[in-house]
Amino acid sequence: MKVKIEPSWRSALDQFFDQKFFKDLITFLVHEYTSKNVYPSGNEIFNAFNHSPLDTVKVVILGQDPYHGPGQAHGLSFSVKPGVPFPPSLLNIFKEIESDLGKPLPNNGNLIRWADQGVFLLNATLTVRAHEAGSHQKKGWEEFTDEVIRTISDSRENVVFLLWGAYAQKKAALIDDSKHLILKAPHPSPLSSYRGFFGCRHFSKANEYLLAKGKKPIDW
């Protein structure tokens with residue numbers, strides 16, 4: 001089957017699209033999208049890949065599930081389209097950026113502006129049923145996105161991985177920390193943000209690392 005995805009990612013991941021786990025995932029998704037209300041829309045599933053080609057990736061921010069409310073998810077972890085109120089975790093991310101870098105809260109939560117600078121906003125599961133958090137977990141997405149993380153680790157150098165919360169931090173096992181920077185903190189959700197996400201200064205630390213490696217920093 002042909003998956004519509006940015007060419008550099010297609011080339012790097014092509015071997016996985018023909019594997020049984022991915023074919024089974026596609027069969028599941030076709031049924032879900034035709035019988036249920038599923039987010040994001042089909043043409044936005046690979047938005048993170050399409051805005052951040054493999055050779056442009058400088059920073060990876062790992063999420064778990066897409067947002068499951070109407071109009072929220074659009075294929076980039078933590079991001080929402082303009083006009084959609086900030087979900088609590090995203091609001092806390094912006095608050096930490098304001099504290100860390102002195103940048104005021106933006107007027108919208110669309111993180112395409114980050115993705116186009118090489119911030120790869122990857123969820124472990126790329127789809128979800130409306131109002132049912134975790135409904136597409138353990139269907140094959142995690143196997144695929146683990147391979148995506150390994151591909152970045154193996155094929156690139158000096159990438160910053162921001163791992164927020166216990167789930168994301170387990171993915172550190174997939175990353176070669178001898179040639180990449182791994183930064184860990186509690187999740188930015190209201191349940192854990194005050195346990196160390198606030199004050200982690202990951203955004204300035206990421207930029208300091210990129211500058212030290214001769215890369216252009218991110219305009220957060």
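## Annotated domain

The UniProt record, an unreviewed entry, places the feature "domain: Uracil-DNA glycosylase-like" at residues 50-210. The model described here is predicted.

## The four-stranded sheet

Four strands form an open sheet in the order S3-S2-S5-S6, and their pairing is parallel. Strand S3 (119-123) and strand S6 (181-185) are the edge strands, each pairing on one side only. On average, neighbouring strands of the sheet are turned by 20° against each other, with direction ignored. In general, the strands of a sheet pair through backbone hydrogen bonds, either parallel or antiparallel.

Strand S2 (residues 59-63) pairs with S3 in the parallel sense, over five bridges. Two positions show how these strands line up. Val-60 stands opposite Phe-120 in S3, and Ile-61 stands opposite Leu-121 in S3.

## Burial of strand S3

S3 is an edge strand, yet it is mostly covered, with five of its five residues buried. Both of its faces are covered. Val-119, Leu-121 and Asn-123 are buried on one side, and Phe-120 and Leu-122 are buried on the other.

## Helices H4 and H8

Two packed helices are described by the angle between their axes and the distance between the axes. For helix H4 (residues 88-101) and helix H8 (residues 202-212), the axes come within 8 Å and cross at roughly 60°. H4 and H8 are therefore oblique to each other.

On the H4 side, the contact involves Ile-93, Glu-96, Ile-97, Asp-100 and Leu-101. These residues meet His-202, Phe-203 and Ser-204 in H8. By class, the contact of H4 with H8 has four nonpolar, two polar and two charged residues.

Gly-109 lies in the loop between H4 and helix H5 (112-115). Is Gly-109 buried or exposed? Its relative accessibility is 0%, so Gly-109 counts as buried, the cut-off for buried being under 20%.

Leaving aside residues up to four places away in sequence, Gly-109 touches Ser-79, Val-80, Phe-86, Leu-90 and Phe-94. The C-alpha atoms of Gly-109 and Leu-91 are separated by 8.4 Å, although these two residues are 18 residues apart along the chain.

Technical notes
Residues are numbered from 1 along each chain as its sequence is written. This is a predicted model: local features need pLDDT of at least 70, side-chain atom pairs count only at pLDDT 80 or more; totals for chains, interfaces and linings use all residues. Side-chain values use heavy atoms; hydrogens and water are left out. Axes are lines fitted to C-alpha atoms, for helices over the stretch in contact, and angles run from 0 to 180 degrees between N-to-C directions. Angles under 35 degrees count as roughly parallel, over 145 as roughly antiparallel, 65 to 115 as roughly perpendicular and the rest as oblique. Contact means heavy atoms within 4.5 Å. Ala, Val, Leu, Ile, Met, Phe, Trp, Tyr, Cys and Pro count as nonpolar, Asp, Glu, Lys and Arg as charged, and the others, Gly among them, as polar. UniProt positions are given in the numbering used here, feature names are shortened, and annotations may be inferred rather than shown by experiment. Two strands pair if DSSP finds at least two bridges between them. Buried means under 20% relative accessible area, exposed over 50%, partly exposed in between (1.4 Å probe, protein chains only).
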